[in-house]
Amino acid sequence: MLALYDIGMRIGRRALNALAGAARGDAPSKFIRFARGQRKAIAEAGESLSHLDRKKPTIWIHAASLGEFGIARPIIRLLKNGCDCNIVVTFFSPTGYEALSIKNCEDVDCVLYLPFDTNVNVKRFIDMLKPDCAVFMVSEYWHSYLFQLHKRGIPTYLVSSVIRPDSPFFKWYGDLYRKSISYFKEIFVLNEDSREQLGKLGIKNVTVNGDPLFDNVILVANTPWEDKVIKNFAQGHQIFIAGSVHDDEDLKMVTALANRHPDTKFIIVPHEIKASTLRHLEDGIKGKLKFYTQCDLETDFSNTQVFVIDFVGALAYIYRYATWAYIGGGFTKLLHSVIEPAVYGLPVAFGPNVKRKVVTQQMIKLGIGRITATIDELDSWFTNLKDNPSRLKEIANLSAAYVSKNAGATRRVVNQIKEDICVKS
C-alpha cells in the first residue's frame with residue numbers, strides 16, 4: 001500500500017512542478033504559491049537547516065496551516081523556556097509559511113515548507129533535519145514521513161486529534177491510515193470518544209488532554225498589543241468583528257448584516273487578501289468603507305462604518321477591540337478559530353458546518369456560540385444582543401470560565417516531549 005501511495009505522491013509532485021513552472025502573474029493564487037513552494041522545498045530546507053546549532057536537540061513541529069500553528073505556538077513557547085533546543089516548523093499551506101516567515105517568530109529557529117510526501121523527498125528531508133522528536137498537529141497523517149520516523153526510532157506525537165467513527169481508519173481502504181497512526185508514540189486527543197475509537201484499533205498510547213489552543217489564546221489575550229489605527233476607528237464605539245471571512249457565503253452574511261445595521265461599526269478581516277474579496281466588500285457595503293492599508297494615524301473615521309483589515313496575522317489580537325464576533329469558514333469544512341474571540345468574552349456566531357468541531361459544539365451548549373445558517377438568523381442573534389448588556393456580561397463570564405477550565409493542555413504535551421529530548425540532552 002505504501003508503494004502505491006508513493007507512486008500517487010510522485011505523480012502529484014510532478015503535476016505541481018509543471019503548474020509552478022507554467023504559472024504567470026504578479027499575484028498568484030494560493031494554490032500556485034503552494035506549487036511554487038513545493039518546487040523549492042528541498043533546496044530551501046538544505047540551506048536553512050545548515051545553520052542550526054547541532055549541539056542542541058532538534059524538535060520538528062508540523063502544522064498544516066496557520067490555524068494549526070495556533071495549537072503549536074504555546075507548545076513551542078514552553079519548550080523554548082524549559083529546554084535549550086532547535087525548533088523547526090513546517091507548513092503544508094502557503095498561508096502559514098508566509099505569515100511566519102514575515103513575522104519572524106522569535107521562538108522558531110527555522111520555517112519551511114513540508115516537502116511532498118514521496119519516499120525520496122522524505123528520506124532526504126529527514127536526513128537534513130535530523131530531528132530528535134516530531135510533533136504533528138490535529139490530523140496530519142503523512143504516511144511516508146510517519147513510516148520513516150518510526151523506522152529511525154524518532155519519537156513522534158500527534159496533538160489535538162479527534163477520531164470519529166467515520167474517520168478513514170474505519171473504512172475499507174483504511175489499512176495505510178491504521179498503520180500510520182500506530183507509529184505515534186503518544187496521541188493527545190480532545191475527548192473521551194476519540195480514545196474509545198482508537199481503542200477499537202488496538203491503540204492504547206492515548207491521552208485525553210484538551211486543546212493547547214486554549215493556552216495559545218490566553219497567551220495572546222495577555223500579550224500587550226495595540227494598533228493605533230484600529231484603536232482610532234473603534235474609539236468610543238462597540239464593534240462587530242467578522243474574522244477569517246472565508247468564502248462567498250460569509251461575505252453575503254457579513255455585508256447584509258452591516259447594511260441592516262448602519263448605526264453599528266464593523267471590522268471585517270478576510271481569511272485571505274484577495275482582490276475579488278476586497279472588491280465584493282467595496283461594492284456590497286452601502287456605508288462608508290475604508291481599507292487598513294489606505295489609512296494612517298491621521299485618518300478621519302468619523303463617517304466610516306466598515307473597516308477592512310487587508311493584511312493577515314493580527315486577527316487574534318484585533319478581537320480585543322470588539323463586542324460581538326462572526327467567524328468565517330462555517331459554510332465549509334474549515335470553520336476558523338472560535339476560541340480566539342471567546343477568550344475576550346465575545347459572543348460568537350458561525351455557519352452550520354460544525355459537526356467535526358468539538359470545541360464549537362461545547363460553546364453552543366454553553367450559550368457562548370450560535371449557529372447562524374441564514375442572514376435572518378444572524379440578524380436575529382445580533383439584534384437580541386445588540387442592546388443587552390446583561391446578556392453580554394453573562395456570556396463573557398461563561399467564556400472566561402470555559403477558557404480557564406480548558407487551560408493547561410500544553411504543559412502535559414511538553415512534559416512528555418521533554419522526557420524524550422531535554423532530559424537526555
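Mentor: A helix here is a DSSP run of H or I with at least four residues, numbered from the N terminus. In this predicted model, E282 has its place in helix 12, residues 275-284.

Trainee: Why does E282 count as partly exposed?

Mentor: Buried means under 20% relative accessible area and exposed means over 50%. E282 has 49% relative accessibility, so E282 counts as partly exposed.

Trainee: Which residues is E282 in contact with, leaving aside its neighbours within four places in sequence?

Mentor: L289 and F291. As for distance, the C-alpha atoms of E282 and V308 are separated by 9.3 Å, and these two residues are 26 apart along the chain.

Trainee: Take S180 next. Is S180 buried or exposed, and why?

Mentor: S180 is in helix 7, residues 175-181. The relative accessibility of S180 is 1%, and the limit for buried is under 20%, so S180 counts as buried. Apart from neighbours within four places in sequence, S180 is in contact with H143 and L146.

Trainee: Which residues of helix 15 are buried?

Mentor: In helix 15, residues 358-366, they are V358, V359, T360 and M363. Among the elements that cover these buried residues are helix 9, helix 14 (339-342), strand 13 (348-350), strand 14 (369-371) and helix 17 (389-405). Just after helix 15 comes G367, with a positive phi of about 85°.

Trainee: Why is helix 3 called roughly perpendicular to helix 9?

Mentor: Two packed helices are described by the angle between their axes and the distance between the axes. The axes of helix 3 (residues 66-82) and helix 9 (residues 213-221) cross at roughly 75° and come within 7 Å. Angles from 65 to 115 degrees count as roughly perpendicular, so helix 3 is roughly perpendicular to helix 9.

Trainee: Which residues make the contact?

Mentor: Helix 3 brings G70, I71, R73, P74 and R77, while helix 9 brings L213, D215, N216, L219 and V220. By class, this contact of helix 3 with helix 9 has five nonpolar, two polar and three charged residues.

Trainee: What makes strand 3 and strand 7 edge strands?

Mentor: They belong to an open sheet of seven strands with parallel pairing, in the order 3-2-1-4-5-6-7. Strand 3 (110-113) and strand 7 (206-208) each pair on one side only, and they are the edge strands. Neighbouring strands of this sheet are turned by 20° against each other on average, direction ignored.

Trainee: How do you know that strand 4 and strand 5 pair?

Mentor: Pairing needs at least two bridges. Strand 4 (residues 133-137) and strand 5 (residues 156-161) have four bridges, in the parallel sense, so they pair. M137 stands opposite V159 in strand 5.

Trainee: What does helix 2 touch on the sheet?

Mentor: Helix 2 (residues 30-49) packs on the sheet and touches strand 2 (86-91) and strand 3. The direction of helix 2 makes about 140° with that of strand 3.

Trainee: How many residues has the largest nonpolar core?

Mentor: The largest nonpolar core has 95 residues, and I241, I267, F307 and I417 have the most contacts inside it. Helix 3 gives the most to this core, with seven residues.

Trainee: Which residues is I241 in contact with, leaving aside its neighbours within four places in sequence?

Mentor: Among them are I267, V269, L315, W324 and L346. There is also a second, separate core of 40 residues, including L129, L149, I163 and V206.

Conventions:
Residues numbered from 1 in each chain as written. Predicted model: local features only at pLDDT ≥ 70, side-chain atom pairs only at ≥ 80, totals over all residues. Heavy atoms only, no water. Helix = DSSP H or I, 4+ residues; strand = E, 2+ residues; numbered from the N terminus. Axes fitted to C-alpha atoms, helices over the stretch in contact; angles between N-to-C directions. Contact = heavy atoms within 4.5 Å. Parallel < 35°, antiparallel > 145°, perpendicular 65-115°, else oblique. Nonpolar A, V, L, I, M, F, W, Y, C, P; charged D, E, K, R; others polar. Core = buried A, V, L, I, M, F, W, Y, C linked by side-chain atoms within 4.5 Å. Buried < 20%, exposed > 50% of the residue type's maximum accessible area, 1.4 Å probe, protein only.
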